[in-house]
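Thanks for coming. I will go through a few backbone details and some strand pairings, and I will keep it short.

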Amino acid sequence: MKRIFIIAVSAFIISISVYVPFSYAVNLNIDPPRVELSIKPGEEKHGYIVISNLDTTGEAAHVRVYVQDLVYLPDGSNDFLPENSTPWSLSEWIKVGPTEFDIPAGKQEMVRFVMNVPTGASGGHYGVVFFETGVAPSKIKEVGASVNIRLGTIVLVSVEGTQTFKAKLKSISVTGPDEEGSLEASYTIFNEGNTLIRPKGTLKIIDAKKNQIDEIDVNKEKSGVLPQTSRRFSQKYTKTLPSGTYFAQVMLDYGGDVLLGGQTSFTVK
Amino acid sequence: MKIKKIFYILCVVMLLCAGSSDAALQMTLDYNMIDFGAMNTGESKEVTIKGAYHNQLTCSSTNNMTWYLKAQVVKPFSFMQYTIPEENFKWTVVSVGAGKGIVNGGVNFTFPFSRTPVLIYTSDPDDNTGTAIDIAFRYSLQVPDNQVAGNYNATVRFIMIETL
């Protein structure tokens, strides 16, 4: 029993020490980091995002809240653009508030949003609500930089009953091997629909005698393709293949009625 | 019997503590100044006030989604109408504790700051369940030979967000 007590006390001390953060200059938390809504045209939905100042040094955080549009970059990350700069923008539909405030250390603020989908709207619309700390008054007397941070909540809105899923495989190729001996299979998807798609599936390697040599999962991360845009995906193949002619066959499920498929041949010397 | 009771109370307290720390997307910056001090024209300087590094970002997510960290210069080094080119100001990831994700360019690779956000780190699925990932940085600045003397200040921004 004594042992249980010691273990319990130790566990308690550890849990407290893990929970209580150290002193930091800035320590922010947002919850949730992603909001997904399905709304009928002409209707609205409400929600909130909680931002917490977890700083324990007593410093209040000055936070500014704003909405931006987003696009995909070739590296899979997103770039952020001013409001209303993309066809899938939701900037005109969303109102957030409050938009600027101080959060005392250890406290939190609820930022409410109202999403108002106009009549006649269709498809998927996407954006990000950013929470950015204010730049602290500079203590730098000569040459120096101030650092601030921003966290974003991704917002995805589907206009209920209006989504169309349509995509095509524009190209597929295999290059290499590179200096490390890896092949790279690349394929480009064009999203012809009006909503974000996340094409995932398999890439098969088939030899000249039509024997399947290998099968690998592609786009396991479920990266998306925005409406009316193309996106190139690539997959490294690190196993060594004997010399010969092969086929790379890709089969993708993007949420449409049919699977997307395509194949190309390549030679290993 | 009393010990048993204390044990149960401690268990409840531990659960409450765990419940209140649901860091959905959390970023901590341990030092928000990059002070190069006095510099001469033509001089290069690297700052690492904490020994091997200058400051550290700690990022964590419990949302089971890939997230990434980017850096950008919001305001380049400027004094009155004079600016130091953005590419003269550089950052290097010195270390990534606990993270299994991808460091853009690898650890110890130096990138120039840019107005366009540059990718620093992309999380691995193992990083997305609450692991606190410490990313330590050092910074360098090269003052051009013909730069007008003055007190130059810049603003840098770190961005953490999930992928769409």
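Which residue is the bridge partner of T92(B) in strand 9 of chain B? The partner is T110(B). Before I go on, please keep in mind that this is a predicted model.

That pair belongs to an antiparallel pairing in which 3 bridges join strand 7 of chain B to strand 9, residues 110-112. Strand 7 of chain B, residues 89-97, is also joined to strand 11, residues 133-142, by 8 bridges, and these two run antiparallel. One of the residue pairs there is V96(B) with I135(B), the latter in strand 11 of chain B.

Now to chain A. There is an open sheet of 3 strands here, in the order 11-12-15, with antiparallel pairing. Strand 11 (167-175) and strand 15 (230-237) of chain A each have a single partner strand, so each has one side without a neighbour in the sheet. From one strand to the next, the twist averages 15 degrees. Strand 11 of chain A is held to strand 12, residues 183-191, by 8 bridges, again antiparallel. If you want a residue pair to look at, L169(A) stands opposite I189(A) of strand 12.

Next, the backbone itself. As a reminder, most residues other than glycine have a negative phi, and most peptide bonds are trans. Chain A has some exceptions to show.

Take the peptide bonds. The bond from D31(A) to P32(A) is cis, with omega near 5 degrees. P32(A) sits in the loop between strand 1 (26-31) and strand 2 (34-39) of chain A. Another cis bond joins G97(A) and P98(A), where omega is about 0 degrees. P98(A) is in the loop between strand 6 (94-97) and strand 7 (100-103) of chain A.

Then phi. N84(A) is not a glycine, yet its phi is positive, about 60 degrees. Where is N84(A)? It lies in the loop between strand 5 (78-81) and strand 6 of chain A. Q228(A), also a residue other than glycine, has a positive phi near 60 degrees. Its loop runs between strand 14 (212-218) and strand 15 of chain A, and strand 15 is one of the edge strands of the sheet I described.

How many other C-beta atoms lie within 10 Å of N84(A)? There are 13, so N84(A) counts as partly exposed. Q228(A) is partly exposed as well, with 13 other C-beta atoms within 10 Å.

That is what I had; questions are welcome.

Notes. Residues are numbered from 1 along each chain as its sequence is written. Chains are lettered from A and ligands numbered from 1 in the order in which they are written. This is a predicted model: local features need pLDDT of at least 70, side-chain atom pairs count only at pLDDT 80 or more; totals for chains, interfaces and linings use all residues. Two strands pair if DSSP finds at least two bridges between them. Helices (H or I, at least four residues) and strands (E, at least two) are DSSP runs, numbered from the N terminus. Axes are lines fitted to C-alpha atoms, for helices over the stretch in contact, and angles run from 0 to 180 degrees between N-to-C directions. A residue is buried if 20 or more other C-beta atoms lie within 10 Å of its own, exposed if 12 or fewer, and partly exposed in between; C-beta atoms are placed from the backbone.
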